[in-house]
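Welcome! Here is a short briefing to read alongside the structure. Take a moment to look it over first.

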Amino acid sequence: EAVEELKTLARRLAQQWSVDCHVDASNDDASIPIRLQLELQQLLREAVANAVRHGGASRIDVDVGVADEQLRLHVKDNGSGFGPSNGGSPVEPWSLRERVDRAQGSLSLYSEPGCTNLLITLPLTGVSA
């Protein structure tokens with residue numbers, strides 16, 4: 001159910017932003033708590049908006065899955081990428097970082113010209129949203 005809702009959202013976002021956006025699931029049958037379903041939808045909205053607005057992406061591929069009591073959201077786009085900050089690593093999108101931190105999850109970013117990969121993991125249990 002959560003995956004189908006994300007796929008529906010991806011189709012709406014594709015129309016809204018004029019971008020090719022697809023969601024795949026590593027394991028469609030995994031149970032995702034309601035509070036995380038809403039969080040996932042907001043994370044996807046923000047990731048797509050960032051990819052299009054700041055990176056000029058025309059394609060966004062999303063994979064969602066559950067493993068080891070963790071929900072994993074992998075977002076890959078073909079945009080211009082994030083430039084490095086003063087320390088040399090890419091600048092993380094603050095809106096996504098704040099949302100992931102509140103959920104006691106983790107966010108990893110790998111970016112180069114033509115490709116940005118965001119990997120977000122959120123705990124399935126024990127965290128109040």
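**Cysteines, sheet, helices and core**

Cysteine 115 counts as buried, because its relative accessibility is 12% (buried means under 20% relative accessible area, exposed over 50%, and partly exposed in between, with a 1.4 Å probe and protein chains only). This is a predicted model, in which local features need pLDDT of at least 70 and side-chain atom pairs count only at pLDDT 80 or more, while totals for chains, interfaces and linings use all residues. Residues are numbered from 1 along each chain as its sequence is written, and side-chain values use heavy atoms, leaving out hydrogens and water.

**Cysteines**
- Cysteine 21 also counts as buried, because its relative accessibility is 6%.
- Zero disulfides turn up in a search of the whole structure (a disulfide is a pair of cysteine sulfur atoms within 2.5 Å).

**The sheet**
- Five strands form an open sheet in the order E1-E2-E3-E5-E4, with mixed pairing (strands pair if DSSP finds at least two bridges between them; helices, H or I of at least four residues, and strands, E of at least two, are DSSP runs numbered from the N terminus).
- At the edges are strand E1 (20-25) and strand E4 (106-112), each of which pairs on one side only.
- From one strand to the next, the twist averages 10° (axes are lines fitted to C-alpha atoms, for helices over the stretch in contact, and angles run from 0 to 180 degrees between N-to-C directions).
- Strand E3 (residues 70-77) and strand E5 (residues 115-123) run antiparallel and are joined by eight bridges.
- Leucine 71 has leucine 122 as its bridge partner in E5.

**Helices on the sheet**
- Helix H1 (residues 2-17) lies across E1 and strand E2 (59-67), and runs at about 170° to E1.
- Helix H3 (residues 94-102) packs on the sheet, where H3 touches E4 and E5 (contact means heavy atoms within 4.5 Å).

**The core**
- There are 37 residues in the largest nonpolar core, and those with the most contacts inside it include Leu44, Ile60 and Leu71 (such a core is a set of buried Ala, Val, Leu, Ile, Met, Phe, Trp, Tyr and Cys residues joined through side-chain atoms within 4.5 Å).
- Helix H2 gives the most to this core, with eight residues.

**Positive phi**
- Most residues other than glycine have a negative phi.
- Glutamate 69, in the loop between E2 and E3, has a positive phi of about 60°.
- Glutamine 104, in the loop between H3 and E4, has a positive phi near 55°.
- Glutamine 104 is exposed, because its relative accessible area is 59%.
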